[in-house]
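Biologist: I'd like to go through this one with you and ask where the labels come from. Can you show it to me?

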Amino acid sequence: MRIFSLFKSLLLIAGAVIPWRVAAGEGPSDIIDLTSANFGAETQKAGPLLVEFLAPWCGHCKALAPHYEEAATALKEKNITLGKVDCVDQADLCSESDILGYPTLKIYKKGKPTEYRGPRQAGDIISYMTKQSLPAVSTVASENLEEFRVADKVVVLAYATSTEEAPIPAFSSVAETYRDDYLFGLTTDEVAIKEAGVLSFFTKTDWIRSNAVPLIDEISGENYHLSATSRLPLAYIFIESTDLKREELIKELSPIAKEQKGVVNFVWIDAIKFVEHAKSLGLTEAKWPSFVIQEIKSQLKYPLDQSTEVNFKTVDEFVKNFVAGKLQPKLKTEPVPEEQTEKYYSWGQQFLARFL
């Protein structure tokens, strides 16, 4: 152990940045360890550099660890670096960086920090940081057109004859606003334009928002903003994540979600983890699966009677009646509990208050 410590100290003195995994025997990590000795130099680079401020005892930090490592390995090929700071060992550095909780993720470009606002699964970190490394609008040619089309979950591509004439300035403005959420590209390549079926959507941000939401996605605090910014009603399928028939039910209801795409967004949510949110939406019985529609703008709730079985027929009829304006909202709600298993209201109601 003394030999290892001396060897690591010598490497640091020599100015090398050597990443190590916390667990012994796992080999070198693609995450760089940041300390007061190298933090300034690393964060002053052009970047982007994603930094996790953590505490070894933090449960959320431990849960993030494998996703963060996987993302670091994948992003290394794109010359995007991920680093971490142990706030127990580097308490002064974390205090200077205004770290109030763990894990905190910040992106650094030329010394300037910005908040990481993306989800914390490996694929989402890769997607978010890839967008951070690109300009707000990427230039696309026929040679890289197909590669760009599948470069992210949501890709917004504009076909135009000029990079400066209207409506491209408006498109660029939208891209700057939503660059953290979606990947934007622009092509003036005649070959690419001929090969594609062009849709004019330069100023239609609502179209972008609504189509950014998967058909029936699991909703959580990390992706709630995608549904909320679409401004569309949100149809919740409350079901236990361990329910063996969960995938079967989602598949059964998918045709309804497809038919109502652009009118009502469908999501499924862990009924056990977010049981208090279910109560706030009018689902007062711990009976799953259950179904409810929430108006994002007005916050009105339309729960399907919990004595009714959730299946294609009942949900299809219920949703069509909602769209036709034939349903009455449930106005009485449960009081907000003092404690919740998950801070749903912090990422739901607070988000709405900020954006709507």
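Modeller: Here are a few labels, each set against its cut-off.

Modeller: This is a predicted model, where local features need pLDDT of at least 70, side-chain atom pairs count only at pLDDT 80 or more, and totals for chains, interfaces and linings use all residues. Residues are numbered from 1 along each chain as its sequence is written, and side-chain values use heavy atoms, with hydrogens and water left out.

Biologist: Why is Ser 254 called buried?

Modeller: Buried means under 20% relative accessible area, exposed over 50%, and partly exposed in between (1.4 Å probe, protein chains only). Ser 254 has 18% relative accessibility, so it counts as buried.

Biologist: What makes Ser 254 and the backbone oxygen of Ile 250 a polar contact?

Modeller: A polar contact is a pair of N or O atoms within 3.5 Å; within protein, one must be able to donate a hydrogen and the other to accept it, and residues adjacent in sequence count only if both atoms are side-chain atoms. Here a polar atom of the Ser 254 side chain lies 2.7 Å from that Ile 250 oxygen.

Biologist: Why are β1 and β5 said to stand at the edges of the sheet?

Modeller: The open sheet runs β1-β3-β2-β4-β5, with mixed pairing. β1 (31–33) and β5 (112–115) each have a single partner strand, so one side of each is left without a neighbour in the sheet.

Biologist: How do you know that β4 and β5 pair?

Modeller: Two strands pair if DSSP finds at least two bridges between them. Four bridges join β4 (residues 104–109) to β5, and the two run antiparallel.

Biologist: What makes α5 largely enclosed?

Modeller: Ten of its twelve residues are buried, so the rest of the structure largely encloses α5. Among those buried residues are Ile 125, Ile 126 and Tyr 128.

Biologist: Why is the pair of Tyr 116 and Tyr 128 called tilted?

Modeller: Rings of Phe, Tyr and Trp (its six-membered ring) pair if their centres lie within 6.5 Å; planes under 30 degrees apart count as stacked, over 60 as edge-to-face and the rest as tilted. Tyr 116 and Tyr 128 are 4.5 Å centre to centre with 55° between the planes, hence tilted.

Biologist: And what makes Phe 291 and Phe 318 edge-to-face?

Modeller: Their planes make 85°, with 6.0 Å centre to centre. Phe 291 lies in strand β12 and Phe 318 in helix α13, so the pair ties together parts that are 27 residues apart in sequence.
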